[in-house]
Structure formats: C-alpha cells, structure tokens
Amino acid sequence: MIITAIDFRENQPLELLTALHGRGEIPFKMEYLGEGADAWNKLAEAEEFDIAHGEYKLLNESVKKLFSKLGRNKVNLLYLGCGTCFKAVPLVKAAAKTHSPVNLCLLDISPTMLEIGKKNIQQKIKRNLLVETSLFDFEGGNFAHITSSLRKRFYRNNLLFILGNTFGNLSDRARILINFRESMTATDYLLIGVELAPSTTVEKENMLRRYRGEGVLNVFFNILKSLGVSRNSGKFIVNYNTVKSQVEWRFELYKDAAVRLGGEWVELRKGQKIFLGMSHKFTPAELKKLFRYAGFRTLLCITNPEKRYTLIMGQPKGM
Ligand SMILES: C[S@@+](CC[C@H](N)C(=O)[O-])C[C@H]1O[C@@H](n2cnc3c(N)ncnc32)[C@H](O)[C@@H]1O
C-alpha cells in the first residue's frame with residue numbers, strides 16, 4: 001500500500017488525532033494538504049464540477065455592481081481559501097480598472113494549494129498584479145496581522161473574499177464570521193459565495209451526483225489515504241441531510257483497522273462511519289441573519305436567475 005506523507009504543521013497532528021480518535025471525524029480543511037491540493041486542482045475547473053462554473057459566471061456578471069459599492073476606496077484583495085485561484089480573475093480584472101498595481105494576497109491552510117494558486121493566477125494575469133501568499137488556518141482565530149500588514153504596505157482597505165461554498169464546509173459559521181470580522185476595519189469589505197439549498201428533488205439528486213463523483217471523493221479520501229487506509233477497505237456514503245440542509249460524506253469500514261498518528265495508534269472499528277465533511281447549503285435570508293449576528297451590514301446580495309448560487313457582500317458595523 002502507498003502511504004503519502006503529509007507535512008503536518010504545529011498542532012495539526014493533535015487536532016487530527018483528537019478528531020479521529022475522539023469523535024470519529026477528519027477535519028475537512030486538512031483534506032487539501034499534500035496530495036489533496038493536487039486532487040482539488042484536477043477537480044476545480046473540471047466540466048462536471050458545474051457549481052464552479054455557475055459561480056464564476058455570476059461573479060463575472062456581478063463584479064461591476066460589487067465594485068460600485070467600493071466607491072473611490074481602493075482595496076487589497078485577500079482571497080480566503082484561494083484553492084487554484086481561478087475565480088479571482090474577474091475581481092482582479094475589475095480592480096485593474098482603478099488600481100495600479102492590483103494587490104492580491106492568497107490565504108490558505110495548504111502550502112501546496114498556495115503554490116498552485118499563485119502560479120495559476122500569474123499565468124492568467126501577467127501585468128499590473130502583485131501576488132503574495134499567507135499560510136494560515138482561519139478557523140483557528142483572526143488574522144489581523146495579515147490584514148494590517150496589507151493595509152500598511154499597500155491600500156488602506158481590504159476586500160476579503162471566500163468563494164466556492166468553502167463557507168458551507170465550516171461547522172460553526174458564526175464563529176468563522178467573527179474571525180473574519182476581527183480581522184477587518186469598518187471600511188473593509190467581505191464577499192462570500194455560497195450554493196443555495198435545493199428546492200426540488202431533481203435539484204437535490206443532481207447536486208448529489210456531482211458530490212458522489214470520483215474527483216470529489218479523491219479530495220475527501222486524502223487524509224485516510226495518507227494514513228494508509230485503502231479505498232477498497234470500505235465504502236463512501238454521501239447523503240443530503242434535509243434537517244441541516246447539508247451534504248455529508250462518511251467512509252464506512254468493512255473491517256477493523258489501525259492507523260498511526262502523532263506517535264499513537266488509533267483503532268478504527270468494522271462498521272464505523274468516519275465523518276469526512278459536509279457542505280451546508282444556504283438561503284439568502286439565512287446568510288443575512290448570520291451577517292447580522294456576527295456584526296456585519298449587508299451591502300449587496302445577488303442570486304443567479306436559476307436560484308442556485310448567491311454572492312453576499314458586507315461590512316463590519318459598530319456594535
Ligand atoms: C472548496 S475549496 C475552494 C477553493 C476556491 N475558493 C474555489 O472556489 O475554487 C476550499 C479551499 O479553502 C481552503 N481552506 C479550507 N479550510 C481552510 C481554513 N480553515 N483555513 C484556510 N484555508 C482553508 C482549502 O485548502 C481550499 O484551498
């Protein structure tokens with residue numbers, strides 16, 4: 001069996017150990033480490049991953065409206081969870097009309113993803129663009145050190161954006177919004193792109209078909225693979241949880257197994273369903289409520305005509 005080593009950093013082995021040993025879970029954010037970034041790179045712009053193309057189209061169509069909200073303010077672009085970075089293109093192009101240069105900071109938990117994202121955007125946009133990267137886990141707390149450094153060195157305001165429904169992969173979305181808010185001033189902007197909850201059975205089945213595809217499962221299996229678990233030692237269960245409005249991924253083991261992690265053995269039982277992650281689906285009303293709760297005012301909320309995808313932009317307001 002091939003075991004792919006992942007260079008975990010700092011407390012990541014203990015976080016993984018606590019999740020797997022203590023709760024039977026893998027923190028989804030870790031799936032993008034090491035080879036997981038390559039798995040995502042193969043999927044992100046693939047034709048069958050239709051959600052990405054829908055979001056890109058919406059971004060392209062909405063970018064003028066989004067930038068009109070900035071008025072004369074100049075912004076540094078801070079892409080939270082940048083992935084392969086291709087969705088930054090419409091924003092960079094819009095910024096280039098008034099910004100010289102455009103400053104783009106890519107923030108991600110995965111060093112490999114940052115390398116891929118930086119290379120990709122520099123290939124797509126060759127002039128008037130400064131790109132830098134920040135390795136950071138935004139679930140762990142605020143990143144005011146990154147935003148204030150951008151403010152000091154470049155423009156006075158930041159436009160933070162998180163796309164690809166990454167926001168829906170996070171279990172405590174209110175907490176993450178607070179982390180974002182604590183990294184922002186009242187003249188910064190936050191843009192979030194999310195997928196909406198399916199309203200018909202056909203929509204739900206189409207969504208599940210996309211999420212049961214081999215490309216997606218390869219991303220979700222990255223950590224188990226790196227721990228030496230083989231794909232045929234169990235099966236994937238991918239369901240839509242209607243109560244929580246979320247797709248959930250589990251891996252059910254056919255037999256007992258043991259994996260070594262951070263110097264300890266973790267025993268996995270036959271029949272155990274390891275929780276690998278989820279993707280929450282939103283309603284625009286729910287997003288606005290979350291914004292209010294976390295201390296943001298909504299500046300703009302745009303949904304595509306098919307009612308599949310929404311972009312919401314806001315600003316921190318006084319408490
Ligand atoms: C679903 S992909 C989306 C990538 C890109 N935004 C897009 O729309 O194509 C999620 C990205 O967020 C990153 N990510 C997930 N959790 C993170 C965290 N807690 N801190 C920083 N980056 C994170 C992953 O490494 C990955 O690059």
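Begin by selecting helices α7 and α11, whose crossing is right-handed (the near helix is turned clockwise from the far one by less than a right angle; helices are DSSP runs of H or I with at least four residues, strands are runs of E with at least two, and both are numbered from the N terminus). The model is a predicted one, in which local features need pLDDT of at least 70 and side-chain atom pairs count only at pLDDT 80 or more, while totals for chains, interfaces and linings use all residues. Residues are numbered from 1 along each chain as its sequence is written.

With α7 (residues 173-181) and α11 (residues 284-294) highlighted, look along the pair: they pack at an angle of about 55 degrees, with their axes 9 Å apart (axes are lines fitted to C-alpha atoms over the stretch in contact, and angles run from 0 to 180 degrees between N-to-C directions). That angle makes α7 oblique to α11, a class left over once angles under 35 degrees are called roughly parallel, over 145 roughly antiparallel and 65 to 115 roughly perpendicular.

Next, show the side chains of R173, A174, L177, I178 and R181 in α7, which meet L290, Y293 and A294 in α11 (contact requires C-beta atoms, placed from the backbone, within 7 Å).

Now colour the chain by domain, with domain 1 as 12-44 + 200-280 and domain 2 as 50-196 + 282-316, bounds that come from an automatic or database domain assignment. Their contact takes 14 residues from domain 1 and 17 residues from domain 2. On the side of domain 1 that touches domain 2, select α2 (35-44) and β10 (273-280), the elements that give two or more residues to it.

How values were computed:
Contact = placed C-beta atoms within 7 Å.
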